[in-house]
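The following exercises are to be worked through with the sequence and the three-dimensional structure at hand. Each task is followed by a solution in steps.

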Amino acid sequence: MQFIDLGAQRERISGKLDAAIAKVVREGKYILGPEVAEFEKRLAEYVGVEHVIACANGTDALLMPLMAKGIGPGHAVFVPSFTFAATAEVVALAGAEPVFIDVDPETYNINVEQLQAAIAAVRAEGRLEPKAIIPVDLFGLAADYTSLSAIAAKEGLFVIEDAAQSIGGKRDNAMCGAFGDVAATSFYPAKPLGCYGDGGAMFTNDASLAEILRSVLFHGKGETQYDNVRIGLNSRLDTIQAAVLIEKLAILEDEMETRQVVAKRYANGLKDAVKVAHMPAGSRSAWAQYAIETEKRDALKAHLQANGIPSVIYYVKPLHLQKAYEHYMRAPGGLPVSETLPKNILCLPMHPYLSEADQDRIIGTIREFHEKA
């Protein structure tokens, strides 16, 4: 049994993938070939934004909007602590300081009330100027962008949606990737929309911002790469990866619908045994992960492993307790949810090709453990 079965997906579209990759190799346009622009166009149509700017990876996709807006030393950027390191890492790389916010215990997304308190605390201290918020659509579920947009408008903050796990998800009929001033995603192979290497993209409806981002990703180029108008990066999406992503995007919506079926089956089978994933009204998660909670997590994980069932702990330690980030500011009141979740959370196999038989075995094994515990 696979935690994420990329082989089954590859088998489904192997002929198209082979042809698409062979075409790129044959034509020899390995950097910024026509497939890159074609993928950007198709992804923009799917998400419902004006501009998609493909780049080398999801971390760069988060970093470059900060660079484009001149966010750096003396600036505060508000981020959740219960997430992957890249969300805070890019803030530090830009020279700004991350301010860590707790997450909601049901959605695992940034705690909006504590965010407001943290902004007030930073302003009161006076050392840093609040500049941006990077909400994370954790495990594929969109953050509360209605509340976040209101806060950002009131406080004059730039919003970068971290949609690394959520392409294909929705909130209030808007697609993940369409929220905030700009969004960033990753095409790491295990993502709901993943390539066969590293890749990323940025999404925006701001044409001038899109133009700056295209400059930043290509060494800060102006008219040509030899006309450098700003400090930039080398962060282009390879043409072969774009070709792969075109074929994967074509089946993404079908896979999204199947993910909903798998998630519902988990919820129905486990809701009286463990705490199952929460789904707010009006939302569709991309289900990058399916998380459950139990106080007997470590024993359950061992029981699953003994029965040949893989599971993963996301995340083993919140960012504000990591050595690299422990000196940065935290929101008033502490981050109790972020500190408790790593003791209880466990992610189960989740992908569109999970058979009912395998899922029944997972559910049955968890229920068996629960009944004996």
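A residue is called buried under 20% relative accessible area, exposed over 50%, and partly exposed in between. The structure shown is a predicted model.

**Exercise 1.** Classify both partners of the salt bridge between Lys275 and Glu293 by accessibility, and locate them in the chain.

*Solution.* 
Step 1. The closest N and O atoms of Lys275 and Glu293 are 3.4 Å apart.
Step 2. Lys275 belongs to the loop between H9 and E10, whereas Glu293 belongs to strand E11; the two are 18 residues apart, and the pair links distant parts of the chain.
Step 3. Lys275 has 29% relative accessibility, so it counts as partly exposed.
Step 4. Glu293 has a relative accessible area of 13% and is therefore buried.

**Exercise 2.** Carry out the analysis for the salt bridge between Lys372 and Glu368.

*Solution.* 
Step 1. The N to O distance between these side chains is 3.5 Å.
Step 2. Lys372 and Glu368 lie 4 residues apart in helix H12, so about one helical turn separates them.
Step 3. Lys372 is exposed, at a relative accessible area of 67%, while Glu368, at 31% relative accessibility, is partly exposed.

**Exercise 3.** Which residues of the largest nonpolar core touch the most other members, and which elements supply the core?

*Solution.* 
Step 1. The core has 36 residues, and those touching the most other members are Phe139, Tyr266, Leu270, Tyr290, Ile292, Leu348 and Ile366.
Step 2. At least two residues come from each of helix H9 (239-270), strand E11 (290-293), helix H10 (297-306), strand E12 (345-348) and helix H12 (356-372).
Step 3. H9 gives the largest share, 5 residues.
Step 4. Domain 1 and domain 2 each contribute at least three residues to this core.
Step 5. Leu270 illustrates the packing: beyond its neighbours within four places in sequence, Leu270 is in contact with Val276, Ile292, Leu348, Ile363, Ile366 and Arg367.

**Exercise 4.** Is Pro135 buried or exposed, and what is in contact with it?

*Solution.* 
Step 1. Pro135 is found in the loop between strand E4 (129-133) and helix H7 (145-155).
Step 2. Its relative accessible area is 0%, so Pro135 is buried.
Step 3. Apart from neighbours within four places in sequence, the contacts of Pro135 include Ile110, Tyr145, Leu148 and Val159.
Step 4. Pro135 and Val159 are 24 residues apart in sequence, yet their C-alpha atoms are 7.7 Å apart in space.

Note on methods. Residues are numbered from 1 along each chain as its sequence is written. This is a predicted model: local features need pLDDT of at least 70, side-chain atom pairs count only at pLDDT 80 or more; totals for chains, interfaces and linings use all residues. Side-chain values use heavy atoms; hydrogens and water are left out. A nonpolar core is a set of buried Ala, Val, Leu, Ile, Met, Phe, Trp, Tyr and Cys residues joined through side-chain atoms within 4.5 Å. Buried means under 20% relative accessible area, exposed over 50%, partly exposed in between (1.4 Å probe, protein chains only). Domain bounds come from an automatic or database domain assignment. Contact means heavy atoms within 4.5 Å. A salt bridge is a side-chain nitrogen of Lys or Arg within 4 Å of a carboxyl oxygen of Asp or Glu.
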